[in-house]
Amino acid sequence: MSKPNFEFLDALGQIARDKGISVETLLDALANALVAAYKRRPDAAEEAVVTIDPESGEIRVYGQELDEDGNVIREWDDTPDDFGRIAAQTAKQVIFQRIREVERDMKYEEYAGREGDIVTGIVQQTDNRYTLLDLGKVEALLPQAEQVSYERYEHGARLKAYIVEVRKTTKGPQIVVSRTHPGLIKRLFELEVPEISSGVVEIKAAAREPGHRTKIAVWSNDPNVDPVGACVGARGSRVRMVTNELRGERVDVVPFSDDPVELIQNALAPARVREVRLDDETGTATVVVSDYQLSLAIGKEGQNARLAARLTGWRIDIKSETQLEEEEAGYGGQEWAEGEWVQNEAGEMVWRPAEGGEDISAEQWSHAAEEQVDGAEGPAAESGKAAAGEEAKSEEVAQEPAESEAKEVEPAETPGGGG
């Protein structure tokens, strides 16, 4: 192909424009393929290079002789007479192969590094293992593990998903997406709330049980902007759009705080918290709520408490006011004697005080404990160390002498009153 071939260049340019590939890339790929085709000839030089003139389309083959260091010491024109026919046969195959490779690379580059972004796709195929989403130029894989259990993806339905991984394969990029990732919530709010996309409002934390409920804690960098109001929108319009995309999943938006007590109180909304006690050593927060708020604070099957714990990073123990009072009255208000439960000769379990004294049966112990919870002064309150059942027993024994003493006192008082 020693004469100009403008038709070849025009066709090459048209392909390049249609596929979004540079002409130089196609020419390089064709030149490399022509070198391989030349070397298959029996009289071909061991080393050769093919040049393609980008102005005229003229193709030339140059044989080369190299030294030990790979430097060219001699070069000559070794273009075969029938090389035009070989070039024509090779060009079509090579160009389309190169086009596929470049398109795969371009698709990968488009999505590489986009982990954490949200994409919209059309459901193409669904089975027990995965669902395929058509993103336009590529397909995304939605594995079963990343699907919400009760959601059903109908063919042709539009679906938003969160990119968790982009893999490079020989068939092009493989994009793995998720519908259960907490990041999906954040991206959906960015789409619906301009204050988040602009950076005025931040989502500081998120906790999610896919398909059921989500809690997010938001913070405003502008004191004039209410972060919760910005996310909820007028009459709940913005959060409703997110809920609709999540197919009815409930979303709670609460204000973030650097104070862990305030954050825990906010996280347990809509329940109202009376008191929060923090134990930094164990990372546990004891939350006290009104009796009628207990079930609301815990939530259905403990859901509200679980999400609040994930949102705040604290282990949360929720108690009603009555429960706390009973615990404090039963264990914190009295100082019981030390001892242990042992089996006596009759085979019954009894409490044996460490400092000696009579053994106490389980029935006596239970009776004394009930008196203490009801507000009666137990034996421990009087002696500080005596056991409850022992005192109860002594009261029964002492009942008769006390009555006789009273009878003896009455006559002695009569003369004094009359004197």
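Visitor: What should I know before reading the values?

Guide: The model is predicted, with local features needing pLDDT of at least 70 and side-chain atom pairs counting only at pLDDT 80 or more, while totals for chains, interfaces and linings use all residues. Residues are numbered from 1 along each chain as its sequence is written, and side-chain values use heavy atoms, with hydrogens and water left out.

Visitor: What is a pocket, and which residues line the largest pocket?

Guide: On a 1 Å grid over the protein atoms alone, a pocket is an open set of points with protein on both sides within 12 Å along at least five of seven lines, whereas a cavity is a set of points where a 1.4 Å probe fits but cannot get out; lining residues have an atom within 4 Å of a point. Grid points are joined across faces, edges and corners, and a volume is the space filled by probe spheres set on the points. Here the largest pocket holds about 190 Å³, and its lining consists of Arg100, Glu103, Arg104, Lys107, Lys137, Val138, Glu139, Thr169, Lys171, Gly172, Pro173 and Gln174.

Visitor: Which element gives the most to that lining?

Guide: Helices (H or I, at least four residues) and strands (E, at least two) are DSSP runs, numbered from the N terminus. Helix H3 (83–111) and strand S8 (172–178) each supply at least two lining residues of the largest pocket, and H3 gives the most, with 4 residues.

Visitor: How do the linings of the two pockets divide by residue class?

Guide: By convention Ala, Val, Leu, Ile, Met, Phe, Trp, Tyr, Cys and Pro count as nonpolar, Asp, Glu, Lys and Arg as charged, and the others, Gly among them, as polar. The lining of the largest pocket has 2 nonpolar, 3 polar and 7 charged residues. For the second largest pocket, with a volume of about 150 Å³, the division is 2 nonpolar, 5 polar and 3 charged, and the lining residues include Asp127, Gln144, Arg152 and Tyr153.

Visitor: Where is there a cis peptide bond?

Guide: Ala269 and Pro270 are joined by one, with omega about 15°, and Pro270 belongs to the loop between helix H8 (260–267) and strand S12 (273–279).

Visitor: Are Arg247 and Glu301, which have positive phi, buried or exposed?

Guide: Buried means under 20% relative accessible area, exposed over 50%, and partly exposed in between (1.4 Å probe, protein chains only). Arg247, whose phi is near 60°, lies in the loop between helix H7 (237–245) and strand S11 (250–255) and counts as partly exposed because its relative accessibility is 32%. Glu301, with a phi of about 55°, sits in the loop between helix H9 (294–298) and helix H10 (303–312), and at 69% it counts as exposed.

Visitor: What is Ser290 in contact with?

Guide: Contact means heavy atoms within 4.5 Å. Leaving aside neighbours within four places in sequence, Ser290 is in contact with Arg274 and Glu321; at 6% relative accessibility, Ser290 counts as buried.
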